[in-house]
Amino acid sequence: MYYFLQKFHSGWAYLALLLLLVAVVNAIIGFTSKKDFTAKDRKIALFALIGTHTQLLIGLILYFVSPLGKAAFGEMSNAELRLTSLEHPLINIIAIVLITIGWSKHKKLINSEAKFKTFAIFYGLGLLLILSRIPWNLWF
């Protein structure tokens, strides 16, 4: 089960990152071109939200069934163990919280420009945080 979850988590990450990148680019284009916020824009952001939350759930399950997850917690002297046991989960949880805040804040806004700006900022920050803590050496 661990091997399957690990491969699924790695594979789903490509989809989640792609969805998040598309949402950020769409928000930046919408903000800079001052276009109206449509149902298509909402769905793009929603799919990115769902993709990242699914990735979080898979990652949390993987963390607790992994032989290295909890056992390596507190191992600060080894940079690779610190990345996978502490930095990667913690920073990605923060990133997904920011993405969720962006989604929640957009629902209260009426102005299209403000909605695009909110998505660009919160989803963009989330994307940057996620990209900063991907264990690249384990990915390729």
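Guide: The largest cavity draws at least two lining residues from each of α1 (2-33), α2 (39-65) and α4 (112-132), where helices are DSSP runs of H or I with at least four residues, numbered from the N terminus. This is a predicted model, in which local features need pLDDT of at least 70 and side-chain atom pairs count only at pLDDT 80 or more, while totals for chains, interfaces and linings use all residues. Residues are numbered from 1 along each chain as its sequence is written, and side-chain values use heavy atoms, with hydrogens and water left out.

Visitor: How many cavities of 30 Å³ or more does a search of the whole structure find?

Guide: Rolling a probe the size of a water molecule over the atoms shows where empty space is left. A cavity is a set of points, on a 1 Å grid over the protein atoms alone, where a 1.4 Å probe fits but cannot get out, and its lining residues have an atom within 4 Å of a point. Here the search finds one of 30 Å³ or more, and the largest cavity holds about 40 Å³, a volume being the space filled by probe spheres set on grid points joined across faces, edges and corners.

Visitor: Which residues line the largest cavity?

Guide: The lining consists of Ala23, Asn26, Ala27, Phe37, Asp41, Ile44, Ala45, Phe116 and Phe119. By class, seven of the lining residues are nonpolar, one is polar and one is charged, with Ala, Val, Leu, Ile, Met, Phe, Trp, Tyr, Cys and Pro counted as nonpolar, Asp, Glu, Lys and Arg as charged, and the others, Gly among them, as polar.

Visitor: What pattern does the protein chain follow along the sequence?

Guide: The pattern is α-α-α-α-α, with five helices and zero strands in the protein chain.

Key: On a 1 Å grid over the protein atoms alone, a cavity is a set of points where a 1.4 Å probe fits but cannot get out, and a pocket is an open set with protein on both sides within 12 Å along at least five of seven lines; lining residues have an atom within 4 Å of a point.
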